[in-house]
Amino acid sequence: MQMVQSGPGAFRSRHQFQNAFRLAMDSIRAHTLRSFLTLLGVIIGVASVIMVGAAIEGLGVYAEQSTAKAFGSESFMVAQIAATGRLSRREYFEKVKRNKPIRDGDARFVEAVNGANILYSPYRNHVSDVKRENEICEDTSIIGVSADMASIRDIGVVDGRFFTDQEDRSRAFVAVIGDTVRSTLFPGDTSPLNQIIRIEGIEFTVIGLQERLGSAFGRDQDKSIYIPATAFNRMYGPGNGFALFGRPKPASGLSLEGALDETRVVLRTRFHARPGEPDNFDTLTPDAIRGFIDQLLGLVAAIVVPVTCISLVVGGIVIMNIMLVSVTERTREIGVRKALGARHADVMMQILIEAVVLASMGGAVGIALGALVTMLLGQIFELSLHITAGYVMLAISVSSIVGVVSGWYPASRAAKLDPVVALRAE
């Protein structure tokens, strides 16, 4: 019995909805230009959300790829201070006072204890001009490392080779150069292998060309030269400490965290850190870098996305104004419908559906436009832009809410019209 009663009611509701939708579409088609101009705010707003979302997601992917190239996917670093970008001035000087610098003796001690399972390499950096005959590559990063750094940081060599342990022990003046250094010092198709370059007036033989890495956050990663750490020390002296990179050997069975823990234990013993006290040195892993980048991108998204959504609110205000004008123009029509038996809900449904359809159409066009512009920008400027389902759903949800909210007041106003007064309207 209940099913018999609910059937006609469901049919009536569906029929009313279809009728209201048809009337709304007729109204939109009757005022095509006005409807299009009304949609512009929503279209631009949705397209902006899609493009901003694609840029933020693409930046995250780009940062992760750059981190893997520059830092290595399974490596870690220990140093007196490992990450200055996340520290306040006060925290920085506190770490300078508390933490111990890593020196040659410390690195040798760690390697003597853990060398069977973990690869280690010192890392020192100095900026200098590099010359070859009349060519000069200014402000080049001269990086002093051991031969194991090629395995620790997954340094790819596309031509030639990386230097060996023997060359490192013998303090050989050999170099592996980046692509920017090659293009600057060896223009054209000249091969850099076995050629002589000068760093601080000292002749180095080029034995390898590193794979192209590109830029990361405005810094050219290909403007660098790897030389043996022993040769670096001959040129610049022992310095006040360096960073020590490490990576578990494949056959050791250690994870990155396990290798880092073993290194921490040895260094805490070396630096006489008491039980319960924090490490008196810094550590850094790829996950920590990615976590910091994700936090930064999350902050950017929390600020930029709501600001972008404001344009959708503006589009909703435009829809509301147009719907109010539409209700005024159709006052007599609404009066006739109510006089013929249309209920409060019928009139309200018609106006509300029209507003929602307008917003939904604007959202669909905005998504298509945003995707098209994102694709074109990615191809033209070789940008890493990624459209994700999350931002598409956000754009659809906000545009739908805008349609309902902007149509509610005009629909309510139309439904409350007195049919007698409405029929007198001109």
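Predicted model: local features only at pLDDT ≥ 70, side-chain atom pairs only at ≥ 80, totals over all residues.
Helices and strands here are DSSP runs, helices with at least four residues and strands with at least two, numbered from the N terminus. On that basis I get 14 helices and 12 strands for the protein chain.

**Overall shape**

I looked up the radius of gyration next. The protein chain comes out at 33 Å, whereas a compact globule of 426 residues would sit near 22 Å. I then checked the extents: along its principal axes the C-alpha trace spans about 105 × 60 × 45 Å.

I find 44% of the 426 residues buried.

**R268**

I went to R268, which sits in helix α9, residues 256-270. Is R268 buried or exposed? I have R268 down as buried, because its relative accessibility is 16% and the cut-off for buried is under 20%. Its side chain makes a polar contact of 2.7 Å with the side chain of D279. D279 also turns up in the contact list of R268, which, leaving out residues up to four places away in sequence, runs A273, R274, P275, G276, E277, P278, D279 and F281.

**I81**

Next I looked at I81, in the loop between β1 (76-79) and α3 (89-98). I81 counts as buried because its relative accessible area is 19%, with the line drawn at under 20%. Which residues does I81 touch, neighbours within four places in sequence aside? I list L87, Y92, K95, V96 and D282. I checked K95 separately: 14 residues separate I81 and K95 along the chain, and their C-alpha atoms are 6.9 Å apart.

**S224**

Last stop was S224, in strand β10, residues 224-228. S224 is buried too, at 5% relative accessibility. A polar atom of the S224 side chain lies 3.4 Å from the backbone oxygen of Q221. Setting aside neighbours within four places in sequence, I see S224 in contact with T140, S141, I143, V176, I177, G178, V181 and Q210.

Notes: Residues numbered from 1 in each chain as written. Heavy atoms only, no water. Rg over C-alpha atoms; globule rule 2.2 N^0.38 Å. Buried < 20%, exposed > 50% of the residue type's maximum accessible area, 1.4 Å probe, protein only. Polar contact = N/O pair within 3.5 Å; in protein donor to acceptor, adjacent residues only side chain to side chain. Contact = heavy atoms within 4.5 Å.
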